[in-house]
Amino acid sequence: MHQIKVVRNILLGIENLLLHKLRSLLTTLGIVFGVGSVVAMLSVGEGASKEALEQIRKLGSNNIIISSIKSIDEEAASTTHSHMSIYGLTYEDHRRVAETFRTIRQAAPVKLMRKEGRLGERSLELRIVGTTAVWFELVRRPVMAGRVLLASDDKGSLPVAVLTEFGARRLLAGEGTIGQKLRIGSDYFEVVGIVKSESGQAGNIQIPDQEIDVYIPISVAQAYFGDINTRRTAGTRERELVELHQMIVAVETIEDVEPTAGGIEHMLGRFHKKKDYLVSVPLALLRQAEATKRTFNIVLGSIAGISLLVGGIGIMNIMLASVTERTREIGIRRAIGAKRRQIIGQFLIETVVLSIIGGLIGIGLGVIVPSLITFFSGMATVITLASIVLPLVISGGVGIVFGLYPAVRAAKVDPIVALRHE
Amino acid sequence: MNAGAAKANDGIVQLENARKIYQMGHQEVKALDGITLTFRRGGFWAIMGPSGSGKSTMMNILGCLDRLTSGQYILEGRDVSELDDDSLSELRLRHLGFVFQSFNLIPQLTVQRNIELPLYYLGWDASRSAERARELAEEVGLEERLGHRPTELSGGEMQRVAIARSLANDPEIIFADEPTGNLDTATGEQILQLLVKLNEEGKTIIMVTHESHVAVYAKRRLHMLDGVVERIEGDG
């Protein structure tokens, strides 16, 4: 019974609003823009979070990436002839980090060098990644064929190699390639597997793997290629000695990430005279995304707030005018026996219906705007159920807040006076 | 119509030393100045008097639209002088019907919806209300007009809609405030005939008018002057 009455009241409200279509539409514009901003805000914020989570997934949320970097004075010194720069992480660093921190579950040492690889007729400039089986635990990528490196490969110093899908395609390798020999420099490696690879940046952190990678056991890399890299550039020969180019460390839980990173930073600082390493934390991306989200929320939230306020006042204004206009109607209803609260209900429902209609139009607008943002700025946006339900609730709330005063005014109308009202 | 109301002199409406005083600036206006009066069930009353005599105030008080400053108003054996706004609304909704000079139909609602208005507040469902509205429209001869809006009707038709609406809740008393004031003589006569018929069917009718040719349709005529009853004519 009660529900039926509410439905009837809502239908009556809609009927009344339809009597003044243009006026109702104009009245509700503030709500339309306010709600539109809320939807857009939520979807941009949601998009930023999702993007960050995606990046963290690529990097590994529990990972800490420590990279060797050439310190600034080394950079200056290396311009002189036949100088050899020595910098970066050492095997000792790896051992020490892996043994010192109890929060660390696994640590993969990484040795990098660029060399040409040749498979049959085809050749490709490869990035040789000398590492251990742990790498594949920390940088998880789907295995396309064969297997990844094993601990026994490293222990036995077996000349095996794992290609990326991209590298395999460029070298015309396929499933049949497993077992074939890949030549790197003057050495031969048996291709044992093919994995997928990610590439590019995540935030300001380089993703550990690249498309042109080939993975070989670190013991083999060290034995075959040594620790000294020589680069020839325009007549000068640059030589540098770097034991490890990277270390990827995984901690037990996400809460351990930041303290452990701090600890590693501190420990490396004690053993390195120069700052020739960089500790990056993928989790920091999440903080960045949260900061972006916050900024967006503040900007769009203010716009939304102002629009909703203006919209609410607009609705209140028009409802007050409507109360005056309909004084006689109110008087008639009161004379017939309508109670004050029923008059309040009638006007309140009308206001709420009006603002919810505005809210629905606003949601439509708010769904279009994020796709335009994505189109023009490339910023990811995601529309969730919450980003539609919340604005709807807000618009209903605006209707109640700003409809209450006109409704109470309507209920205070004296029927005797109202019935004489012209 | 309970047993309590049926006893004594069968008064449906009783006023005991009823006073209504308005404050107009510094001046007090005694719209009702101590009236004691009984209206019998089934009566047809015309309240007459020049403007300012207090006849409109009398009507508002009796119609539970306004409250006395002092004194007692007993409706159906029940003292309603001290009731709050909600209770008075409830009384109007269940026991009273109103017909006004300017019809007071809601212009954006159809004839049917206007007639249904009291039923809506009584909580009737849509189909029952529609049925009742049709019955009432037939009773006042407007069954063809149910889908029209008031603005498409003549004055007489509008007043008949208003009468149908006043009957929707099957009231004991119908208040008619200058019901023919906006109508030509012939149409007015039809409306008055309709009121007479309703009175014959058992409704108590209390009509306010300042025209004696209208008042003759009533069984009793109450002449008011300066907030008091000057004289009562007729019987019934």
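This is a predicted model: local features need pLDDT of at least 70, side-chain atom pairs count only at pLDDT 80 or more; totals for chains, interfaces and linings use all residues.
Let us begin with the overall layout of chain A. The domain assignment gives domain 1, made of residues 2-55 + 288-420, and domain 2, made of residues 62-281. If you take the centres of these domains over C-alpha atoms, 57 Å separate domain 1 of chain A from domain 2 of chain A.

Now look at some helices of chain A. Two packed helices are described by the angle between their axes and the distance between the axes.

Take helix H11 (residues 283-325) of chain A and helix H14 (residues 386-411) of chain A. Their axes come within 9 Å and cross at roughly 30°. Angles under 35 degrees count as roughly parallel, so H11(A) is roughly parallel to H14(A). The crossing of H11(A) and H14(A) is right-handed. Where do the helices meet? On the H11(A) side you can find A:Leu308, A:Gly311 and A:Met316, among others, while the H14(A) side includes A:Ile394, A:Phe402 and A:Arg409. Sorted by class, the contact of H11(A) with H14(A) has 14 nonpolar, four polar and one charged residues.

H14(A) also packs against helix H3 (residues 29-59) of chain A, with an angle of about 150° and axes 9 Å apart. Angles over 145 degrees count as roughly antiparallel, and therefore H3(A) and H14(A) are roughly antiparallel to each other. This crossing of H3(A) and H14(A) is right-handed. Among the residues that make the contact are A:Val35, A:Leu42 and A:Glu46 of H3(A), and A:Ser387, A:Pro391 and A:Val398 of H14(A). The contact of H3(A) with H14(A) has 10 nonpolar, three polar and one charged residues.

The crossing of H5(A) and H10(A) is right-handed. H5(A) brings A:Asp93, A:Val97 and A:Thr100 to the contact, and H10(A) brings A:Ile264, A:Met267, A:Leu268 and A:Phe271. By class, the contact of H5(A) with H10(A) has five nonpolar, one polar and one charged residues.

Chain A has strands to explore too. Strand S3 (residues 104-119) of chain A and strand S4 (residues 122-131) of chain A pair in the antiparallel sense over nine bridges. S3(A) and S4(A) form a hairpin with two residues between them, and A:Gly120 in the turn has a positive phi of about 65°. To follow the pairing by eye, find A:Met113, which stands opposite A:Ile128 in S4(A). Then carry on from A:Ile128, which stands opposite A:Val214 in S11(A). S4(A) and strand S11 (residues 213-217) of chain A pair in the parallel sense over five bridges.

Next, move over to chain B. One open sheet of six strands has the order S6-S7-S8-S3-S9-S10 in chain B, with mixed pairing. Strand S6 (96-99) and strand S10 (228-234) of chain B stand at the edges; each has a single partner strand, so one side of each is left without a neighbour in the sheet. Neighbouring strands of this sheet are turned by 20° against each other on average, direction ignored. S6(B) pairs with strand S7 (residues 173-177) of chain B in the parallel sense over four bridges, and B:Leu96 has B:Ile173 in S7(B) as its bridge partner. Helix H6 (residues 155-167) of chain B packs on the sheet and touches S6 and S7 of chain B; the direction of H6 makes about 170° with that of S6(B).

Chain B also has an open sheet of four strands, in the order S2-S1-S4-S5, with antiparallel pairing. Strand S2 (27-40) and strand S5 (78-79) of chain B stand at its edges. Strand S4 (residues 70-75) of chain B pairs with S5(B) over two bridges, and the bridge partner of B:Leu75 in S5(B) is B:Arg78.

Finally, see where the chains meet. The contact takes 17 residues from chain A and 19 residues from chain B. Helices H1, H12, H13 and H15 of chain A each supply at least two residues of the side that touches chain B, and H12(A) gives the most, with four residues. The residues of this side of chain A divide into 10 nonpolar, three polar and four charged.

Terms used. Residues are numbered from 1 along each chain as its sequence is written. Chains are lettered from A and ligands numbered from 1 in the order in which they are written. Two residues are in contact if their C-beta atoms, placed from the backbone, lie within 7 Å. Ala, Val, Leu, Ile, Met, Phe, Trp, Tyr, Cys and Pro count as nonpolar, Asp, Glu, Lys and Arg as charged, and the others, Gly among them, as polar. Two strands pair if DSSP finds at least two bridges between them. Axes are lines fitted to C-alpha atoms, for helices over the stretch in contact, and angles run from 0 to 180 degrees between N-to-C directions. A crossing is left-handed if the near helix is turned anticlockwise from the far one by less than a right angle, and right-handed if clockwise. Domain bounds come from an automatic or database domain assignment. Angles under 35 degrees count as roughly parallel, over 145 as roughly antiparallel, 65 to 115 as roughly perpendicular and the rest as oblique.
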